[in-house]
Amino acid sequence: MTLRLSTVILPVDRWHEGGRAKWQRAEELGFHAAYTYDHLSWRSFRDGPWFGALPTLTAAAAATGRIRLGTLVTSPNFRHPVTLAKELISLDDVSGGRVTLGIGAGGNGFDATALGQEPWTPRERADRFGEFVPLLDQLLTQDALSHRGEFYSAEEARNIPGCVQRPRLPFAVAATGPRGLRLAARYGQAWVTTGDPKLYEAGTPEQSVEALRGQLTRLGAACAETGRDVADLDKILLTGFTPDRTRPLDSVDAFVDFAGRHRELGFTEIVVHWPIPGTDFAADQGVFEKIAAEAPAQLG
């Protein structure tokens, strides 16, 4: 099984002061894809620079020519399917069909209250996500659509000419619960996980592998319920949130060992954070680039 290596570039740099150079360098290094987070602000970066995901990806599309681009992940926290669909169709066009939409239910971070609303409960998030994903799927595959839902509505929303990628750009659905996994099985071209957050502080890498094995088993069961072969879905691991933290980026050997263990579980794509000094994503840039250049060949 071929394992793809991708990166996620946080939108913390002004475009003309290092931002563009990172995306272009990601393409030069041969990464399969370069993603960014879709937040209004995020964790320890809240009081520093943080730019919008879709404008950043549009600029990256214009500055590159081969690398896939996408979000990890977009959520309903501050998005509406009608406006999001229009922006995604435009981004897919600018990129020449190189966009993947990573999409999840959202959480309790700063995005959850930035529009003045009370944060949603886990059940409310799941309910909204369950309506958001099917509606977005329809908006991206139909020229015109009207819809009346509990949370989201569309009135003769027009999306002509549609995506460059047909029938629409791919969804990478982030999910670990039963309802989210069913959405991934029905609408996803890929599934995304960061592992089990309960293991981040005190768990072990071995416990993390077993937790991921369980998630993959449940994904397989969800696919079976919908009559779909789980092998049809790419399985993406966004690193940095398991007990391994940034240790896989200590050396090429460390990364190959980490990636090999997760490939054996069934993962088809590993995503590593572009190093940011002085943060939880700090790593040696030279080692990071050496991993990008050498690890894929070792992983086969």
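Author: Strand 1 covers residues 4-8, and four of its five residues are buried, so the rest of the structure largely encloses it. Buried here means under 20% relative accessible area, with exposed being over 50% and partly exposed in between, using a 1.4 Å probe and protein chains only. As for the numbering of elements, helices (H or I, at least four residues) and strands (E, at least two) are DSSP runs counted from the N terminus.

Before going on, a word on the model: it's a predicted one, where local features need pLDDT of at least 70, side-chain atom pairs count only at pLDDT 80 or more, and totals for chains, interfaces and linings use all residues. Residues are numbered from 1 along each chain as its sequence is written, and side-chain values use heavy atoms, with hydrogens and water left out.

Now for the partners of strand 1. With strand 10 (residues 269-273), strand 1 pairs in the parallel sense over five bridges; two strands pair if DSSP finds at least two bridges between them. In that pairing, Val8 stands opposite His273 of strand 10. Strand 2 (residues 33-36) also pairs with strand 1, again in the parallel sense, over two bridges. There, Thr7 faces Ala34 of strand 2 as its opposite number.

Strand 1 and strand 2 also belong to a right-handed β-α-β unit, together with helix 1 (residues 19-28). Right-handed means that, with the strands pointing away from the viewer, the path from the first strand over the helix to the second runs clockwise.
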